[in-house]
Amino acid sequence: MTTAKVLTAAVSCATALMLVHIIPDLLSVKTRELFLKNKAAQLDREMGIIRTQEETGRHVRMLTHEIRSTLNRHTILKTTLVELGRTLGLEECALWMPTRSGLELQLSYTLRHQNPVGFTVPIQSPAINQVFSTNRAVKISPTSPVARLRPASGKYMLGEVVAVRVPLLHLNNFQIYDWPELSTKRYALMVLMLPSDSARQWHVHELELVEVVADQVAVALSHAAILEESMRARDLLMEQNVALDLARREAETAVRARNDFLAVMNHEMRTPMHAIIALSSLLQETDLTPEQRLMVETILKSSNLLATLINDVLDLSRLEDGSLELDTTTFNLHALFKEVLNLIRPVASVKRLFVTLSLSSDLPEYAVGDEKRLMQIILNIIGNAVKFSKEGSISISAIMAKPDSLRDPRAPDFFPLLSDNNFFLRVQVKDTGMGISQQDMPKLFTKFAESQSPATRNPGGSGLGLAICKRFVNLMEGNIWIESEGLGKGSTAIFFVKLGFPSRINGSRLPHMRVPAKLGQTKFPGLKVVVVDDNGVSRTATKGLLVHLGCDVTTVSSGEECLQAVTKDNYKVVFIDVSLSSDTYNVARLVHEKLPKRHEKPPPLIVGLTGNTDKAMKESLLRAGMDGVVLKPVSVEKMRLALSELLEHNT
């Protein structure tokens, strides 16, 4: 018995000793098992988070794709509510938009259509202010005014509600071809409600999804706003283009109407003026008392002034609409200045003004340009110097301008361009006349402008001369200005115009010298002439001029009578009044067609009498077979010169 107890005790000790060694190992194993379980649970949670994030990302991409698949703002907002409701299993989802006043939010879109759209709530409420103060999704009370969108039910607790702000980006400085500036001025409010029949709560990943979607909606709405603004701008631009095109056509119609009116009035005014000047110049050739001669001279001066005014109005009209073109020819530049001097000296001598002309030694004798317009500029400027000078002198100088002298601080926009084929003519006209006040200087080249100073006011002027000179100079790529130190101190007019060297321009030839009237024939005894004019007064005036010059004149009133006359008798010259409404335009062609077949002698020389100053009209008359064109009104001297040149060049 004792032995058994001893053995039992020994076994117990051995077992205890074994347990002492085994228990730590067992505890270590248990601890590792608990650690592994915790690690596995943590991994499961992380995998759940990753899956949730992937699911959230997938939903965000899907929602973003749906939202951005259109640029229509109504479709964007409606799609957002539908996709959020489907993705998050919402009972209701709504969008509140700010009103125009910005003081209220208006229910604009709902998911289930359980509430009437248009309902408003004040924007200054604690719940709305809380949401608008952060860019995070905020849980709000289901009983908040913006969350009362579900029918009341006593059975279930209302589901949780979150709200998030949606920035409404405002376009600043919108331009079609540039990205606009965007700024947030107001917010919309998106409200999302979980179902009431469940204990479901909002998870963090769901709130993050809502926040991301709100930002994507803001971007999509900004793109839609840009598109709408660009479409409005495009439509406005199209309307403006249509309006501009209409205005352009109306302006073109007005210009054509004005030109037609001026052409008709020009012809209609020159016809009676032709009779006045022609008959007055004939009357001047008769024996008159001094008092009668003064009256006739006054009539002639007034008529010539009126003719000049008509020319100025027509020139200005063509300059302004761009239809006037320079008539570029090769001409004698030195002879032009001498001719101007001969025209001015008799007028200046009456006022005892001493006129001098100085031409530089390097000034080319011949030049290429518009001789008529250049003479008009010079005569106008010198005419003003004579008009506004009571005594003293007028000096005229002309030089070939050096490149460094072309730029002037008074004309910063004038950029002269020189080449080997061109040069700039510089003309200066200095007088000791009345001078110009500083207040009148800015208006010198303004049409119809009149001096404000009584001392320099010109009752007989039209205010067109310098305005036309300025435009002619610009047309010749030049510049013009006038200097004066004040009233009583005279003035100096300076202008540049661009001319060409004839020897350096292909095809240019030196012109025939014009024969002055005093060197040609003064009488044409026995010269058989036919005058064709449908206006009886004008016909009588033209006949009177020709009879005074010794011609044998026959008058007819139509082209048909003219053809009958020239086929029966040997006429040397035919004067045809080119009326805008008559058939005389074709007479020249018919004369050339018929007469060479019936007569061995050459057909008569044909001269057109016209009131139309248009260069194209003159060219068309010459192409029709006329040998010359004379602009009405015509005086005795003008008719004498026309006949002299016509007969000299055709003998």
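Which residues point one way from S17, and which the other way? The model is predicted; local features need pLDDT of at least 70, side-chain atom pairs count only at pLDDT 80 or more, and totals for chains, interfaces and linings use all residues. Residues are numbered from 1 along each chain as its sequence is written, and side-chain values use heavy atoms, with hydrogens and water left out.

Leu605, Val607 and Leu609 point one way from S17. Ile606, Gly608 and Thr610 point the other way. In a regular strand the side chains alternate between the two faces of the sheet. Strand S17 spans residues 605-610, and six of its six residues are buried, so the strand is largely enclosed by the rest of the structure. Buried means under 20% relative accessible area, exposed over 50%, and partly exposed in between (1.4 Å probe, protein chains only). Strands (E, at least two residues) and helices (H or I, at least four) are DSSP runs, numbered from the N terminus.

S17 pairs with strand S16 (residues 573-577) in the parallel sense, over five bridges. Pairing requires that DSSP finds at least two bridges between two strands. Phe575 stands opposite Val607 of S17. S17 also pairs with strand S18 (residues 628-631), again in the parallel sense, over four bridges. Here Leu609 has Val630 of S18 as its bridge partner. From S17 the chain crosses to S18 through helix H12 (residues 615-623).

Strand S16 also holds Asp577. Asp577 is buried, at a relative accessible area of 4%. An unreviewed UniProt entry lists Asp577 for "modified residue: 4-aspartylphosphate". Such annotations may be inferred rather than shown by experiment; positions follow the numbering used here, and feature names are shortened.

Notes:
A crossover is right-handed if, with the strands pointing away from the viewer, the path from the first strand over the helix to the second runs clockwise.
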